[in-house]
Amino acid sequence: MEKALDTAKLAEFYGDLSPTLETVKEALVVAGIDLAHARPNDLYERDIDCHNLGMFRMVQFVADVAADHAMPNRDDVVLDVGCGLGGPSRYLVDRFGCSVVGIDLLALRIQIAEQLAALTSAPRVSYRVADATALDFDDGTFSHVWMLDVSIHIRDKRALFDEVARVLRPGGILVMHEQTGPLPAAMRPARRRAPYIAPTLAQLIRHIENVPLRLVAWRDTTSLALNYFLGVRDLLLSASEPIESHRKTGVPILDGYLETFAHLDGRTGVLIARRK
Ligand SMILES: C[S@@+](CC[C@H](N)C(=O)[O-])C[C@H]1O[C@@H](n2cnc3c(N)ncnc32)[C@H](O)[C@@H]1O
């Protein structure tokens with residue numbers, strides 16, 4: 001019951017945040033891109049298909065941190081849990097030459113991820129609808145699990161990390177980005193729209209080490225997230241388009257994040273763990 005409610009809220013929240021194929025095409029045309037020759041980087045470098053707490057800049061940073069430990073090579077297959085519109089998965093292929101399977105709970109997001117992969121002739125990616133707490137993959141299928149700003153939406157952390165550990169091969173790497181709790185009252189506007197269940201960093205590490213995963217690194221990214229939210233707020237307030245409804249719902253959410261990151265000790269970071 002609670003899970004069905006969470007899914008319904010996520011569908012509405014991310015439905016509002018998801019562009020259509022047509023609006024993406026329009027954005028590319030305005031940017032002077034020939035649609036017949038569009039490439040994945042035409043999207044992710046413009047933040048069109050990255051949807052996390054720092055967009056493409058954050059994806060690059062997370063990949064830089066992960067590369068210090070063990071990043072995929074051409075023969076590896078990465079699972080991107082909560083892949084959203086697929087920008088991070090296509091960036092991983094471009095940067096490391098690996099293959100990526102993206103899964104997301106929401107059919108709409110997977111449909112758009114597939115459309116954008118087709119639009120940009122993206123190689124070595126595939127997408128499917130799946131719940132991260134009940135994955136339909138054999139044990140040890142993946143060399144890496146990549147999960148950017150997804151676990152905060154998932155109530156059953158035990159099931160989530162059980163599944164992550166199960167589908168990773170021994171020695172495989174979990175790369176995740178997340179905001180840690182406790183979430184202050186300033187985050188209420190966001191929490192009203194979608195499930196946000198954020199453990200403290202210590203609790204998150206306990207969840208991870210309760211399954212056969214061992215923490216390798218945590219790198220704070222709060223200043224990157226803060227800068228990103230400042231930029232979006234400026235953009236939203238200065239946009240000439242009549243987007244009053246976006247301003248009404250978007251600005252209180254942005255302000256909540258800004259207050260949390262700038263004044264209330266809210267943190268975000270990259271966490272790397274290794275499968276035992
Ligand atoms: C903040 S977005 C991040 C998208 C993507 N990782 C990125 O960085 O662009 C969170 C995503 O997690 C997905 N999600 C939430 N709960 C999920 C679950 N139980 N299983 C799979 N995906 C889930 C949402 O649908 C959404 O697309």
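An open sheet of 7 strands, with mixed pairing, runs in the order 3-2-1-4-5-7-6. Strand 3 (125-129) and strand 6 (213-220) each have a single partner strand and stand at the edges, so one side of each lacks a neighbour in the sheet. From one strand to the next the twist averages 20°. Strands here are DSSP runs of E of at least two residues and helices are runs of H or I of at least four, numbered from the N terminus; two strands pair if DSSP finds at least two bridges between them.

The model is predicted: local features need pLDDT of at least 70 and side-chain atom pairs count only at pLDDT 80 or more, while totals for chains, interfaces and linings use all residues. Residues are numbered from 1 along each chain as its sequence is written.

Strand 5 (residues 168-180) pairs on both sides as follows.

| Partner of strand 5 | Sense | Bridges |
|---|---|---|
| Strand 4 (residues 142-148) | parallel | 6 bridges |
| Strand 7 (residues 267-275) | antiparallel | 8 bridges |

Val145 stands opposite Leu174 in strand 5. Between strand 4 and strand 5 the chain passes through helix 7 (residues 157-167) in a right-handed β-α-β crossover, meaning that, with the strands pointing away from the viewer, the path from the first strand over the helix to the second runs clockwise. Towards strand 7, Val175 stands opposite Ile272, and Glu178 has Gly269 as its bridge partner.

Key. Axes fitted to C-alpha atoms, helices over the stretch in contact; angles between N-to-C directions.
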